[in-house]
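Here's a quick briefing to read with the model open beside you.

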Amino acid sequence: MTRRLPPNSTIGILGGGQLGRMTAMAAARLGYRCHIYAPEDDSPAAQVSAQTTRAAYDDAAALEAFARAVDVVTLEFENIPVDAVRRVNEITPVYPGADVLEICQDRVLEKRFLNRVDVATATWAEVSNLAELERGDAAIGRPAVLKCARFGYDGKGQVTVRSGVGLAEALESTGSERCILEGLVDFVCEISVIVARGADGAVASWPAVENRHVRHILDTTIAPAQVAPAVAAQAEETARHVAAEIGLVGVMGVEMFVTRDDRVLVNELAPRPHNSGHWTIDACATSQFEQLVRIVCGLPLGATARHSDAVMKNLIGDEIDAWPRILAEPGARLHLYGKAETRPGRKMGHVTRLTRLKS
Ligand code: AMP
C-alpha cells in the first residue's frame, strides 16, 4: 500500500512534457506541489510546477537529490531509462514501477506479456536479424508491419511490408537491430481505454474512445467510441485485466484495434496518462490526471462518470494559430501547452468540444 500523503506534499514527475503539465495542474488543484525532473529547459511541466531539476536521466547525483527532495514519484514519459527509475525508487517510491515500464518500453516484451495473460494481439514475430525476419515473413504473410522494438512512437521506426518489398531493406530502414514483425490488422477503427489502478488493487476506467490519426499522430478522439456495446465492454474489460495482470499502480492508456468481425486486439500500452484521455479533464467527474495524483498520493480513486460526450482535437504544429477562433467558440475548451516554438508534428495544445450525453 502507498502511504497517504497529505496535501502540500511534493510529487516528483520524471519528464517535462504536456502530460506532466496537466498532471501538475491537477495536483495543484488538490493542494500538492510538483517537482519536475527533465533534461530540457523551460519544459511545459516545469512552467506550472514549484520546482524543477534540469538534468539528464543518467545523472546519478541529480536523480538521488531529486528522489530525496520529493515524497513520491511518477512519470509522464515511458521512455525514461528503467535504470533511472530503479535508482530513484531506492530512495522514494515510483509509481508505476520499473517492472511495468520495462515491459511497456519494448514491443516484444509487451506482446509476450499480453499473450501470456490471454489478451489478443496481431500475430507477431520477434526479429533480431534477416533470417528471423524471413521466418516471420513466411509465418505471418503480407501485408505486415515491421517496427523497431524500442523507442518508436507516432509511427517512427515503422515500415509496412507489402508484396514486392525487400526484407533486407525493410529491416535496414527501421534503423534498429531489434524489431517486431506484426500482421497488418484490417481494422474498422482504433480505440483506446484509459485505466487506473491503485496500490490497493482498486481499478477504474473511462469508456472506450475512438482515435483517428493523421500522419501517424493522434488527431482526434471521439468519446465515447461509436462501437457496438459488446465491443466497448470487451475493450474496457481487457484494459482492466491488463492493469491488474501487469500490477499497474497508476494510469495506463491501452490502444486497441477493432476488427471487422468485432474482435478487440491490443496494439500498445502506455503506462502514463494518454493523449486519448485528455477529454476526461472537461467531460468527467475525475480526469485521468487527477486520478494519477490520487493514486500516487494514496487517496481513494475518483468517480470516472462523464457528464458530457466529447470530441478532442489535437492542435498540431501551426494548427495552434487557430487559438483566437477556438477561444471565441462557445463550449470549446482550449488547452495550450506553453511550448515556445511551433514545429510541424509537434503537439502544441488541444481543444475539447463537449456534446450532450447520449447514453
Ligand atoms: P504504434 O506505433 O504501434 O502505435 O502504431 C502507429 C499506428 O500505426 C497505429 O495507430 C495504427 O494506425 C498503425 N498500426 C500499427 N500497427 C499496426 C498493425 N499491426 N496493423 C495495422 N495497423 C497498425
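This is a predicted model: local features need pLDDT of at least 70, side-chain atom pairs count only at pLDDT 80 or more; totals for chains, interfaces and linings use all residues.

P224 sits in the loop that runs between β12 (217-223) and α8 (229-246).

- To find P96, go to the loop between α3 (82-89) and α4 (98-104).
- N8 isn't a glycine, yet its phi is positive, near 90°.
- You'll find N8 in the segment before β1 (10-14).

**How α6 and α7 pack**

- At what angle do helix α6 and helix α7 pack? The angle is about 115°, and the two axes are 10 Å apart.
- In residue terms, α6 spans 130-140 and α7 spans 167-174.
- The crossing of these two helices, α6 and α7, is right-handed.
- On the α6 side, the contact is made by L130, L133, E134 and D137, while α7 brings in L167, A168 and L171.
- Sorted by class, that contact of α6 with α7 has 5 nonpolar and 2 charged residues, with no polar ones.

**Who surrounds the ligand**

- The ligand has 16 residues around it, and the closest are R107, K147, Q158, V185 and E190.
- Which strands each supply at least two residues of the shell? They are β6 (144-148), β8 (179-183), β9 (187-197), β13 (250-259) and β14 (264-270).
- As for the make-up of that shell, there are 6 charged, 5 polar and 5 nonpolar residues around the ligand.

**Polar contacts and burial at the ligand**

- K147, one of the closest residues, has a polar side-chain atom 2.8 Å from an oxygen atom of the ligand.
- For E268, an N or O atom of the side chain is 2.9 Å from a ligand oxygen atom.
- How much of the ligand does the protein bury? On its own the ligand exposes 480 Å², and the protein buries 91% of that.

Technical notes:
Residues are numbered from 1 along each chain as its sequence is written. Side-chain values use heavy atoms; hydrogens and water are left out. A residue is near a molecule or strand if one of its heavy atoms lies within 4 Å of it. A polar contact is a pair of N or O atoms within 3.5 Å; within protein, one must be able to donate a hydrogen and the other to accept it, and residues adjacent in sequence count only if both atoms are side-chain atoms. Accessible areas come from the Shrake-Rupley method with a 1.4 Å probe; for residues, only the protein chains shown count as cover. Helices (H or I, at least four residues) and strands (E, at least two) are DSSP runs, numbered from the N terminus. Ala, Val, Leu, Ile, Met, Phe, Trp, Tyr, Cys and Pro count as nonpolar, Asp, Glu, Lys and Arg as charged, and the others, Gly among them, as polar. Axes are lines fitted to C-alpha atoms, for helices over the stretch in contact, and angles run from 0 to 180 degrees between N-to-C directions. A crossing is left-handed if the near helix is turned anticlockwise from the far one by less than a right angle, and right-handed if clockwise. Contact means heavy atoms within 4.5 Å.
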